[in-house]
Amino acid sequence: MTLGSMPGSSGYLDLYPERKMSYFGKPYVLGLTVVAGIGGLLFGYDTGVISGALLYIKDDFEAVNRSSFLQETIVSMALVGAIIGAASGGWINDAHGRKKATLVSDVVFAVGAVVMAAAPDPYVLILGRLLVGLGVGVASVTAPVYIAEASPSEVRGALVSTNVLMITGGQFLSYLINLAFTEVPGTWRWMLGVSGVPAVIQFSLMLCLPESPRWLFMKNKKDEAVTVMSKIYTLDRLEDEIDHLSASSEAERLKKNNVRYQDVFKSKEIRLAFIAGAGLQAFQQFTGINTVMYYSPTIVQMAGFSSNQLALLLSLIIAALNAAGTVVGIYLIDHMGRKKLALMSLSGVIVSLAILSGSFFAEAYSGSSTGVYGPLAIVGLALYIAFFAPGMGPVPWTVNSEIYPEAYRGICGGMSATVNWVSNLIVAQTFLSIAEALGTGATFAILCGIAVVALIFVGCYVPETKGLTFEEVERIWKERAWGNTYTRETGEGLLEEGSPSQG
Ligand code: BGC
């Protein structure tokens with residue numbers, strides 16, 4: 001077979017269009033995606049449930065009611081856990097595989113859920129939050145990588161974005177469950193404890209699923225890898241996929257058996273990839289998605305609607321819109337491409353944030369909380385979600401699951417997921433105080449400015465990876481890093497900085 005007709009080179013699927021697979025074409029791959037996506041469900045549920053649960057925790061523990069420090073700690077301890085989980089999850093993924101990483105995250109998560117549900121005091125509850133956070137952090141790295149590695153390249157974006165649908169669906173579900181348990185004795189214990197159930201379900205289903213074929217290949221377990229791949233690809237494509245994987249994995253395996261965190265910064269092409277991936281993750285958070293997800297009832301009240309119920313209802317609608325928008329993203333990401341989708345999404349986000357900011361400023365200057373500006377702010381909020389959900393929601397997770405070479409996929413994915421969680425924590429912790437200090441209009445104006453920078457960043461640094469195989473993506477970085485020095489034909493490996501052939 002010539003290089004030009006291999007799955008790892010442009011035009012392979014144009015040459016054999018009948019070999020293209022569709023999203024619903026292989027129930028096995030879709031099933032694997034949904035099972036792995038339970039990690040996304042835990043992520044979404046866990047981040048969504050706490051705002052409602054906290055109201056009832058305060059009723060039960062007087063100490064929590066009195067101390068806003070305890071309240072903040074209960075909320076943010078899961079984010080702290082997720083930061084640690086994502087940072088170590090990358091290493092677990094590379095060293096022990098995607099399957100074991102998923103199983104570990106389920107066990108830690110389930111134990112955390114039981115600890116929270118049974119907590120006799122706020123401190124044990126905080127420990128439980130830390131544990132579920134750890135589980136969520138590991139899952140946030142593992143699920144996208146595991147799905148991406150089992151996906152045919154032409155539907156990889158949609159399948160990885162399905163995990164994001166599980167995140168946004170999980171957030172929606174948590175709001176519904178919060179409503180369902182308000183009248184049940186032991187409210188918050190149920191709200192928090194019930195999340196152990198999907199973790200147990202995922203653990204059992206995962207035992208029946210295989211390890212990622214690409215990871216198996218890298219670890220030189222070729223027979224096992226081929227068995228798994230034969231369940232994913234049709235016979236005519238299987239041989240081509242294996243041929244190419246053999247060529248690239250062998251080189252990877254020999255070169256870098258034990259990648260360390262610092263190696264990421266030593267190689268120019270990996271550094272470039274990491275900047276693009278981590279930048280996307282940071283901008284996903286710093287353009288304010290979680291100010292909206294965590295504080296939408298507060299924002300609605302800031303806009304002049306004082307009813308608690310209306311605020312809660314509107315936040316439920318926002319969460320539903322977010323999940324529905326993710327479905328649109330699943331369709332668009334492999335049609336429009338990652339980069340165009342992110343650019344379109346950010347353009348809409350900029351306009352929406354300008355509307356939000358403008359309406360809060362106008363309201364402050366007009367000196368009245370009634371009239372046209374409140375509803376205008378709600379329109380801004382809805383537009384914001386409508387534009388964010390299909391693009392900046394799924395694109396960072398998808399791009400990070402596909403831009404790193406095999407040997408670095410876990411470590412780099414983990415590091416950039418850590419960037420996501422740290423940014424999430426910073427935004428969530430500072431939004432209300434910045435709004436108090438500078439005003440809501442100015443706060444949204446800052447987010448709007450950040451979105452403009454994000455637009456420029458995506459335009460300049462993020463390559464289009466739609467439909468490309470992992471090997472083709474790798475070539476993009478080599479060409480960006482070394483220009484003409486890197487030649488396709490010889491398929492040179494990773495060049496260390498300072499190597500004689502460096503361009
Ligand atoms: C983000 C989460 C966010 C969710 C809501 C995800 O892609 O990573 O932090 O809460 O989207 O849409």
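Gly 329 is a buried residue, its relative accessible area being 0%. In this predicted model, Gly 329 belongs to helix 16, which spans residues 308–332. Leaving aside residues up to four places away in sequence, Gly 329 touches Leu 341 and Pro 390. Ala 428 stands 99 residues from Gly 329 along the chain, and the C-alpha atoms of the two are separated by 25 Å.

The domain assignment gives domain 1 as residues 22–209 and domain 2 as residues 267–488. The C-alpha centres of domain 1 and domain 2 lie 21 Å apart. Contact between the two involves 41 residues of domain 1 and 41 residues of domain 2.

The extent of this interface can be expressed as an area. The size of an interface is often given as the accessible area that is lost when the parts come together. Here, domain 1 and domain 2 bury about 3,300 Å² between them, and 69% of that area is on carbon and sulfur atoms.

With both residues at pLDDT 80 or more, 14 residue pairs are in polar contact between domain 1 and domain 2. On the side of domain 1 that touches domain 2, the elements that give two or more residues are helix 2 (27–60), helix 4 (68–96), helix 6 (122–150) and helix 7 (156–180). Of these, helix 7 gives the most, with 16 residues. The residues on this side of domain 1 divide into 23 nonpolar, 13 polar and five charged.

Salt bridges form the next part of the description. Side chains of opposite charge can pair when their charged atoms come close. The count of salt bridges comes to 17, and three salt bridges are found across the interface of domain 1 and domain 2.

Which residue forms a salt bridge with Glu 402? The partner is Arg 156, and the closest N and O atoms of the pair are 2.7 Å apart. This pair links distant parts of the chain, with Arg 156 in helix 7 and Glu 402 in helix 19 (residues 394–402), 246 residues apart. Arg 156 counts as buried because its relative accessibility is 1%, under the 20% limit. Glu 402 is likewise buried, at 1% relative accessibility.

Arg 66 and Glu 62 form a salt bridge in which the closest N and O atoms are 3.6 Å apart. Is Arg 66 buried or exposed? Arg 66 counts as exposed, since its relative accessibility is 63%, over the 50% limit. Glu 62 is partly exposed, with a relative accessible area of 45%.

A further salt bridge joins the side chains of Arg 338 and Asp 334, at 2.8 Å from N to O. Arg 338 is buried, with a relative accessible area of 0%. Asp 334 also counts as buried, at 13% relative accessibility.

Conventions. Residues numbered from 1 in each chain as written. Predicted model: local features only at pLDDT ≥ 70, side-chain atom pairs only at ≥ 80, totals over all residues. Heavy atoms only, no water. Domains from an automatic or database assignment. Contact = heavy atoms within 4.5 Å. Buried area = accessible area lost by both parts, 1.4 Å probe. Salt bridge = Lys/Arg side-chain N within 4 Å of Asp/Glu carboxyl O. Polar contact = N/O pair within 3.5 Å; in protein donor to acceptor, adjacent residues only side chain to side chain. Helix = DSSP H or I, 4+ residues; strand = E, 2+ residues; numbered from the N terminus. Nonpolar A, V, L, I, M, F, W, Y, C, P; charged D, E, K, R; others polar. Buried < 20%, exposed > 50% of the residue type's maximum accessible area, 1.4 Å probe, protein only.
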